[in-house]
Amino acid sequence: MTTNASGPGGGPGRVLYGCMGLGGSWSAEPYGPADVDAAEAAVRAALDAGITAFDHADIYRHGKSEAVFGEVLARDPGLRGRITVQTKCGIRLPDGGLPGMYDLRGKSILRRVEESLARLRTDVIDVLLLHRPDPLADPDDTAEALESLRRQGLVRQFGVSNMGAAQIAALQARLGVPLAPTSWR
């Protein structure tokens, strides 16, 4: 689980279920029905504990964490309206001999969000976090992609993960909406 150290107004934080363990192995091998069943059991246990926010990243289990979660949502169509779905983008895993890298180029963000939406089987992401800072990305290009996602209604809110104050301020200065308050990293 991931927790937010302080909630709105400085009170207790919201508890999020970290979905990095869902979806089978960290290999590129496909997941199976047992992995979907395990994900559903985990989601039900989280809901029974009062947890309604679920944290993903496009890289968790090579996308399989989002995919099994999407299958859980498909099994219970009313579930999506009762939960918050948060995911992250900005890390590319090594692939086909190419090294992994941080990638916050606008076109990459747009593609990654489209892929996450398809895997999650939802039409909107409640909170999109930029997973890691990309020192080579053009902050204007990054912000333009985020604004495009917001205008299209594909993402409701944006935030960051693993960024320093200067990086956050630089991004915030380019956005027309405030970044989601987060204190977890």
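**Helix packing and nonpolar cores**

In helix H1, residues Asp35, Val36, Asp37, Ala39, Glu40 and Val43 are in contact with Val68, Phe69, Glu71, Val72 and Arg75 of helix H2. The residues of this contact comprise six nonpolar and five charged ones, with no polar residue. The model in which these contacts were computed is a predicted one. H1 spans residues 33-48 and H2 residues 64-75; their axes come within 9 Å and cross at roughly 70°. Angles of 65 to 115 degrees count as roughly perpendicular, and H1 and H2 are therefore roughly perpendicular to each other.

The largest nonpolar core holds 20 residues, and the members that touch the most others are Ile109, Val113, Leu128, Leu130, Leu146, Leu149 and Leu171. At least two residues of this core are supplied by each of helix H3 (106-120), strand E7 (125-130), H4 and strand E8 (155-160). H4 gives the largest share, four residues. For Leu130, the contacts beyond four places in sequence are Cys89, Leu104, Ile109, Thr142, Leu146, Gly159, Val160, Ser161, Met163 and Leu171. Another core, of 19 residues, lies apart from the largest one and includes Tyr17, Leu22, Val43 and Leu47.

Helix H4 covers residues 139-151 and contains Ala143. Ala143 has a relative accessibility of 3% and therefore counts as buried, the cut-off being under 20%. When residues up to four places away in sequence are not counted, Ala143 touches Leu171, Arg174 and Leu175. Gln157 lies 14 residues from Ala143 along the chain, and the C-alpha atoms of the two are separated by 13 Å.

Note on methods
Residues are numbered from 1 along each chain as its sequence is written. This is a predicted model: local features need pLDDT of at least 70, side-chain atom pairs count only at pLDDT 80 or more; totals for chains, interfaces and linings use all residues. Side-chain values use heavy atoms; hydrogens and water are left out. Axes are lines fitted to C-alpha atoms, for helices over the stretch in contact, and angles run from 0 to 180 degrees between N-to-C directions. Angles under 35 degrees count as roughly parallel, over 145 as roughly antiparallel, 65 to 115 as roughly perpendicular and the rest as oblique. Contact means heavy atoms within 4.5 Å. Ala, Val, Leu, Ile, Met, Phe, Trp, Tyr, Cys and Pro count as nonpolar, Asp, Glu, Lys and Arg as charged, and the others, Gly among them, as polar. Buried means under 20% relative accessible area, exposed over 50%, partly exposed in between (1.4 Å probe, protein chains only). A nonpolar core is a set of buried Ala, Val, Leu, Ile, Met, Phe, Trp, Tyr and Cys residues joined through side-chain atoms within 4.5 Å.
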